[in-house]
Structure formats: structure tokens, C-alpha cells
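Trainee: Can we go through this model together? I'd like to start with the helix packing.

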Amino acid sequence: MKKATVSTVRFTINFIKKQIIGTKASFDKASKGSGLIYEELAEKVAKHPDFELVVKEQKKHTTKAKKTYNGMDFDFMEAYISTRKNAKQLMEEYEAVKKMAEDSKISVYPFTKKWFLGEFDPDKQGFDMEKAKKEISDYRMDKAVISATPAPAKKQEEEESDDLALVVNQ
């Protein structure tokens, strides 16, 4: 009766570079001097005595750092939307998205944030919070300056009414 063997290949052969390649763990297990892994390595070394034993480089898992948007809340999104030229239309879309999330009984903030980032960062380059905060600040400053300065049209209307009063009084 034949002994059942595992058909896992732990060592590969690179004929071009004349190498027997395996993981560090496989070489460590084979170094014990007995077992299936040792037998597999011994067989390959016997067949190819002039080949070099090489430890395979492990793939490095590179994970992107999670993009966080500190300070992005509903008030921030609304303030940023107000700085856009088509703010009224965008605000209607924003409110519709929030209502859709509420009606669907799903988390409102993540759903709305996803829409917001899709709208204002469509190419997924990373929404620049600092730039957006500056835009909001500049927009508010411009609004404050505009509301503080008297409108020239109003002044012209006053002059016209004064002229009419002079004509009526004569």
C-alpha cells in the first residue's frame, strides 16, 4: 500500500538562473532533517546539485493610509456648497441625498459624505480640506465686505428722489 503524499510544491526551480527557490519557512522546516518538506528539497538538490538555494522575497503588503477628513461634518459641507456658483442646485441635491439616506434607514453621514466627495472630488485625488476651509473663509470674508459697503445703486436712487423733490417744491 502506497503512502498518501501531499502534492503541495514548496520549492520551485528557475532553470535560467540555476536556482531552487523556497520561502524562509519552507527552508526552516526542511532544515529539521526529516518530513515531506525535507524530502522534497533533498530530491530537488539531488537532481540539480549545482543550483543555488534562494529564499523567496515575501510580497510586501502596501496599504494606503486611510484618507481622513477631520472637520468634515454637515455644517462644513453646507458651508462649502454655499461657496459654489450653482449653490442652490447643489444644496437641493445635498438635501435630497440626506433625505434618501434617512428614508432608506441607512447612516446619513457616510452616505452624504460619499455623495459630497463624489461631487467635489470626482477624480479621487483626495479632497483638500485646507484649501476648502480657505475657500469658505474667503467666501465669508467677501460676503461680509460686500454687505458692509453701501450699494451704489441705492445712492443713485436717493439722488434721483432728491431731484424729484426739488422739481415738486418749485
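Trainee: Is the crossing of α4 and α5 left-handed or right-handed?

Mentor: Right-handed for α4 and α5, that is, the near helix is turned clockwise from the far one by less than a right angle. Keep in mind that this is a predicted model: local features need pLDDT of at least 70, side-chain atom pairs count only at pLDDT 80 or more, and totals for chains, interfaces and linings use all residues. Residues are numbered from 1 along each chain as its sequence is written, and side-chain values use heavy atoms, with hydrogens and water left out.

Trainee: At what angle do α4 and α5 pack?

Mentor: About 150°, with the axes of α4 and α5 8 Å apart. Axes are lines fitted to C-alpha atoms, for helices over the stretch in contact, and angles run from 0 to 180 degrees between N-to-C directions. α4 and α5 are therefore roughly antiparallel, a label for angles over 145 degrees.

Trainee: Which residues of α4 make the contact?

Mentor: Among them are Leu90, Tyr94 and Val97, and α5 contributes residues including Phe111 and Trp115. Contact means heavy atoms within 4.5 Å.

Trainee: Changing topic: which residues touch the most other members of the largest nonpolar core?

Mentor: Met72, Phe76, Tyr80, Ile81, Phe116, Phe120 and Phe127, out of 18 residues in that core. Such a core is a set of buried (under 20% relative accessible area, 1.4 Å probe, protein chains only) Ala, Val, Leu, Ile, Met, Phe, Trp, Tyr and Cys residues joined through side-chain atoms within 4.5 Å.

Trainee: And what is Met72 in contact with?

Mentor: Beyond its neighbours within four places in sequence, Met72 contacts Met77, Tyr109, Lys113, Phe116, Leu117, Phe127 and Met129.

Key
Buried means under 20% relative accessible area, exposed over 50%, partly exposed in between (1.4 Å probe, protein chains only). Helices (H or I, at least four residues) and strands (E, at least two) are DSSP runs, numbered from the N terminus. Angles under 35 degrees count as roughly parallel, over 145 as roughly antiparallel, 65 to 115 as roughly perpendicular and the rest as oblique.
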